[in-house]
Amino acid sequence: MKKILSGAVAAIALAAVATPAAAQTTQVHYAGTAPIPYTITNPQNAPFPLNVIGIAAGELGVDDGVGTRYTVQADAPNTTGTVENISLQFNLTGTVPKDCSFYSGNGYTSNVRNISFGEIGIRAGNNENVNQAFDMVGPAVADIDTLTAGCNFNNTVKLVKSDVRGLVNAAPGGYDIDEFQANIPYEVVATWTGVGTGGPAVGTGQTLDVSTTELSDQLAQGAWRSGMHIKITAPVAAKGLVAGTYSGHTTLTLTAS
């Protein structure tokens, strides 16, 4: 017996069925022409002894050259575990410490932050007018620059002078307070690129200014990093200067909140 396939094409479809305990394929088909045309389909599924008789008859036809056989056997290991949809959430955590930085030279000594104006020049000429004698010749100026400064969290930038009077002569002796003074007021201005604490923003120029008459000032900031410039300016004092050593200090603090 000859089976005609449509279009003369036999297509064998293989499918992996994603269901638990899917049936595995076992097909045994026999067909023959003698002594009369016959077919035997899946005799292995018949109850005993018909299953044995059917297989034997089909195999006899094949052996005698009057029959043919078609078999399909498919097998795959069963799924292990539980078949289910999976949704997994991986929780990742880590911490970044709060930090503020200001590069102020190499080493941990304060020597790099000791700033000397040297001689603060006065008008000492005999030909000076009495109202100008012993006055400062010009402003005393110090410029401090660092390329690395900032904090990685909300913070406060603060400048504090050691004395609201500025640089102070600790041993001035006696002097006419109408004509002389034993202090030199100074202004401190810090500038950098930063942001306020209101939320993320593009950094812009920030300024913290402690005037000649102020002791301190501060500015709240969001996280920032940039260079910082600090300019200290002691303008010409209002009166003549008493001789001696003038000293003082200004403290910059960057404090993450």
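Trp-224 reaches well beyond its own stretch of sequence. The model is predicted.

The largest nonpolar core holds 25 residues. Trp-224 is among those with the most contacts inside it, together with Val-157, Ile-184, Ala-190, Trp-192 and Met-228. Five strands each supply at least two residues of this core: β5 (140–151), β6 (155–161), β10 (187–194), β11 (204–210) and β13 (224–234). Which strand gives the largest share? That is β13, with 5 residues.

Strand β9 pairs with β7 (residues 167–169) in the antiparallel sense, over 2 bridges. Both strands belong to an open sheet of 3 strands, ordered β9-β7-β15, with antiparallel pairing. Its edge strands, β9 (183–184) and β15 (246–247), each pair on one side only.

Now step back to the whole protein chain. Its secondary structure comes to 1 helix and 16 strands. Buried residues make up 22% of its 257 residues. Take the contacts between residues at least 6 apart in sequence: 73% of them join residues at least 24 apart. The accessible surface of the chain comes to about 17,900 Å². Carbon and sulfur atoms account for 56% of that surface.

Conventions: Residues are numbered from 1 along each chain as its sequence is written. This is a predicted model: local features need pLDDT of at least 70, side-chain atom pairs count only at pLDDT 80 or more; totals for chains, interfaces and linings use all residues. Side-chain values use heavy atoms; hydrogens and water are left out. Helices (H or I, at least four residues) and strands (E, at least two) are DSSP runs, numbered from the N terminus. Buried means under 20% relative accessible area, exposed over 50%, partly exposed in between (1.4 Å probe, protein chains only). Contact means heavy atoms within 4.5 Å. Accessible areas come from the Shrake-Rupley method with a 1.4 Å probe; for residues, only the protein chains shown count as cover. A nonpolar core is a set of buried Ala, Val, Leu, Ile, Met, Phe, Trp, Tyr and Cys residues joined through side-chain atoms within 4.5 Å. Two strands pair if DSSP finds at least two bridges between them.
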